[in-house]
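I open the notebook on this model and look things up one at a time. I start with backbone angles, then go on to salt bridges, a pocket and the surface.

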Amino acid sequence: MLLYEFEGKQLFKNLGINVPHAQLIRSPEELDPAVTLRMVRGIILKAQLLSGKRADSGGIIAIDNQELVADSVKDLFGKTINGQKVEALLVEERIDIDKEYYNVNNCFRTRALAQKALNKILKVLKKARKE
C-alpha cells in the first residue's frame, strides 16, 4: 500500500502516536503564517510524493528563518521531483529525531506485531475513506 507521508502521519495520530504539528497545503496561497509562527523550533517543508529520496532530490527543506518560508514554498510548488510534479506540501514543525523508520518491518521485531499494526492501520484508513 502506498501512502503519502501526511496520510501515514494521520493514521499514526488516529492510533494515539504523537506526530509533529503540521499543515498540509495544496498551493502557496494556503500557507497560514499564523501556523508557521507557532513552529518555534524551525520548519520543515516536505513535498508530498509517492517516492523515496525526497531530501536528496530537494523535496525536503529545513528552514530556520520565518522570512524564507513563503518563497521556499513557492519554489517547491514549481518543482518536479523524481518525475512527479509537487502538488502538495506538508509544512511541519522541526523536531529532534533519534531514529527514523521507513518500513513497517523495521519498526517491529516480529511479523506478528507488524501484521497486527498493519491491520489496525488498514481499519483506520478504511473508516477514514468512508467518512
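**Entry 1: backbone angles**

I looked up K53 and found it exposed, because its relative accessibility is 63% and the cut-off for exposed is over 50%. I note that the model is a predicted one. K53 sits in the loop between β2 (43–47) and β3 (60–63). Its phi is positive, about 60°, yet K53 is not a glycine.

I then turned to N82. Here too phi is positive in a residue other than glycine, with a value near 50°. N82 belongs to the loop between β4 (80–81) and β5 (84–85). I read 38% relative accessibility for N82, so I put it down as partly exposed.

**Entry 2: salt bridges**

How many salt bridges does a search of the whole structure find? I get six. I took up E5, K46, R54, R94 and D64 in turn.

I began with E5 and K46. Their side chains meet in a salt bridge, at 2.8 Å from N to O. E5 is in helix α1 and K46 is in strand β2, so this pair ties together parts 41 residues apart in sequence. Is K46 buried or exposed? K46 counts as buried, because its relative accessibility is 12%. E5 has a relative accessible area of 18%, so it is buried; the cut-off is under 20%.

E5 also has a salt bridge with R54, 2.9 Å from N to O. This pair links distant parts of the chain: E5 is in helix α1, R54 is in the loop between β2 and β3, and they are 49 residues apart. I noted both E5 and R54 as buried.

Which residues are linked in a network of salt bridges? I list E5, K9, K46, R54 and E92.

I next checked R94 and D64. Their side chains meet in a salt bridge of 3.1 Å, N to O. Again the pair links distant parts of the chain, 30 residues apart: R94 is in the loop between β6 and α4 (104–107), and D64 is in the loop between β3 and α3 (69–77). I have R94 as partly exposed, because its relative accessible area is 25%. D64 is exposed, because its relative accessibility is 63%.

**Entry 3: the second largest pocket**

I looked up the volume of the second largest pocket and got about 250 Å³. Which element gives the most to its lining? I find that α1 does, with four residues. At least two lining residues come from each of α1, β1 and β6 (89–93).

I wrote out the lining: F6, K9, Q10, K13, V19, P20, H21, A22, Q23, L24, L90 and E92. By type I sort these residues into six nonpolar, three polar and three charged. K9 and E92 are in this lining, and both are also in the salt-bridge network.

**Entry 4: a surface patch**

Last, I looked for nonpolar side chains on the surface. F12, L15 and I17 form a nonpolar patch there. Together they have about 240 Å² of accessible area.

Where is L15? I place L15 in the loop between α1 (5–14) and β1 (22–25). I log L15 as partly exposed, because its relative accessibility is 34%.

Notes. Residues numbered from 1 in each chain as written. Predicted model: local features only at pLDDT ≥ 70, side-chain atom pairs only at ≥ 80, totals over all residues. Heavy atoms only, no water. Patch = residues over 30% accessible without salt bridge, like charges linked within 9 Å, V, L, I, M, F, W, Y side chains within 5 Å. Areas by Shrake-Rupley, 256 points an atom, 1.4 Å probe, with all protein chains shown as cover. Salt bridge = Lys/Arg side-chain N within 4 Å of Asp/Glu carboxyl O. Buried < 20%, exposed > 50% of the residue type's maximum accessible area, 1.4 Å probe, protein only. 1 Å grid on protein atoms, 1.4 Å probe; cavity = no way out; pocket = protein on both sides within 12 Å on 5 of 7 lines; lining within 4 Å. Points joined across faces, edges and corners; volume = space filled by probe spheres on them. Nonpolar A, V, L, I, M, F, W, Y, C, P; charged D, E, K, R; others polar.
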